[in-house]
Amino acid sequence: MQPLYILLLIIGYFSVLVLISYITGKSANNQTFFKANNSSPWYLVAFGMIGASLSGVTFISVPGWIEAQQMSYMQMVLGYIVGYAVIGLVLLPLYYKLNLTSIYTYLEDRFGKSSYKTGASFFLISRTIGAAFRLFLVANVLQLILFDAYGIPFWVTVTITILLIWLYTFKGGIKTIVWTDTLQTLFMLIAVGVCIIMIKDALEIDSLLGYISENKLSKVFFFEDVNAGNYFWKQFFSGAFIAIVMTGLDQDMMQKNLTCRNLKDAQKNMFWFTIVLVIVNFFFLALGVLLTDYATANEINAHKDNLFPTIAMSGELGLATSLFFLLGLIAAAYSSADSALTSLTTSFSIDILEIDKKDNEEEKEQTRKKIHILFSLILIATILIFKYFIADASVIAKIFQFAGYTYGPLLGLYAFGLFTKLNVKDKLVPIICILAPILTFLISTYTKKSFGFDFGFFVLILNGALTFLGLYLIKRK
């Protein structure tokens, strides 16, 4: 695919997003930016959340994970069902009852200001680096297939990427994102479907489901080795808790839910979102099986995160495959990144600067716009820093490992707040939330080195448990 065609595709794609931004951003204010005036149809929120949950990382990394991990990732996806049920039945009723804009306001009501600021800070760190992980992967692909041809350096690629996100989110915020994410999710799912059909035909497969079920790479359940990172119960429970913290305790994902008209609509959103997400993840894994077999049959030397881009953009599967791959990649990447930028702006404005407590509406809006620009610059810097430290491993594995350390304190804080009636010494909470991840790392490293026991993604649960224990130790008598 010629670089000029790719460039025209990107220009056309973002022209549509900017048009949506213009339409949804009319008469927008802070209430529009933060909560879409509580007017979002639940079905649009549910559909758009699929793209935001999957992101460009899932689009590339999950198919590339098959070679080493088979379909073990599905064990985590099954755990998501439990996690999303907890969100719908426990967390959403709490958030709607308190009428929250930032979900971390709950921590101030429950424990105090130090706990509130600590929870918000851990989110800001988690989401900033998580968004950087995702955008780094996509920026690398765009650099390879487009910008290298024009001699444009990587830092310019990253800057353009973030600038485009800022351009269509700076005015309408979450209201714009509900609509753009719906469009981007549609593009992403069409892209996956087209790629599956093209590779299926190239491999001359009659029955896709039959082929996948009989394939040696399609093993889902791993009960053999309790020490292994892909042991079923580790991944299943990790999936449940990852869903709770990376969706239910994440301002990015919950901000979309809180734009629904009422609690009932938000719960319907979570129900249908869960069903569709499980099905979509299965098809991503099925695509990974097809890609791995196609690479083997055609002696293509591409692995992990390079597998899907290499095959799709090679031209061997036709122009349609290359076109839809690129469209799906851009859609998946930006459906996650745009909401990340908006939620970071929201959390910092509400939780750290507390602009909702000011009276001057014009001053509040100007502050929010400055914070939006600030986090755009922070994302650019983080991606560029990350480029020089990333190891040779699937990005999705790194995201979940990192999430275990940064979201663990949030898990412990909310679990302690929801399931006990105890109060804590608020000023000591930041110390507990810093010590818990450090202890988690030390325990995880020691058990793997001394006993061969790999916590894997289970570090999230360990981290949350240590935070919970620490909060118990500083309870008020």
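**Figure 1. Aromatic pairs in the predicted model.** In this predicted model, 24 aromatic pairs are counted. In one of them, the ring centres of Y13 and F187 are 5.7 Å apart and the ring planes meet at 50 degrees, so the pair is classed as tilted. Because Y13 belongs to helix α1 (residues 3–24) and F187 to helix α8 (residues 174–202), this pair ties together parts that are 174 residues apart in sequence. Y13 is buried, at 5% relative accessibility, whereas F187 is partly exposed, at 23%. A further pair, Y446 and F451, is edge-to-face, with 5.8 Å from centre to centre and 80 degrees between the planes. Both Y446 and F451 are exposed.

**Figure 2. An aromatic cluster and a charge over a ring.** One aromatic cluster is formed by F221, F223, F232, W233, F236 and F237. In a separate view, the charged end of K475 sits over the ring of Y472, at 4.1 Å from the ring centre.

Figure 3. The buried residues of α7 include F154, T157, V158, T161, I162, I165, Y168 and T169. These residues cover an arc of only 140 degrees around the axis, and therefore lie on the same side of α7. W155 and L163, on the other side of α7, are exposed.

**Figure 4. Salt bridges.** Side chains of opposite charge can pair when their charged atoms come close. The structure contains 8 salt bridges. K219 and E224 form one of them through their side chains, with 2.8 Å from N to O; K219 is partly exposed, at 31% relative accessibility, and E224 is exposed, at 58%. In the salt bridge between K268 and D265, the closest N and O atoms are 3.5 Å apart. K268 and D265 are 3 residues apart in helix α12 (residues 263–297), so about one helical turn separates them. D265 is buried, with a relative accessible area of 11%, while K268 is partly exposed, with 31%.

Figure 5. R368 and E365 form a salt bridge whose closest N and O atoms are 3.9 Å apart. Both residues lie in helix α15 (residues 361–387), 3 residues apart, about one turn of the helix. R368 is buried, at 1% relative accessibility. Elsewhere, E108, K113, K117 and E354 are linked in a network of salt bridges.

Technical notes. Residues numbered from 1 in each chain as written. Predicted model: local features only at pLDDT ≥ 70, side-chain atom pairs only at ≥ 80, totals over all residues. Heavy atoms only, no water. Phe/Tyr/Trp six-rings, centres within 6.5 Å; stacked < 30°, edge-to-face > 60°. Helix = DSSP H or I, 4+ residues; strand = E, 2+ residues; numbered from the N terminus. Buried < 20%, exposed > 50% of the residue type's maximum accessible area, 1.4 Å probe, protein only. Lys NZ or Arg CZ within 6 Å of the ring centre and 35° of its normal. Arc of directions from axis to C-beta. Salt bridge = Lys/Arg side-chain N within 4 Å of Asp/Glu carboxyl O.
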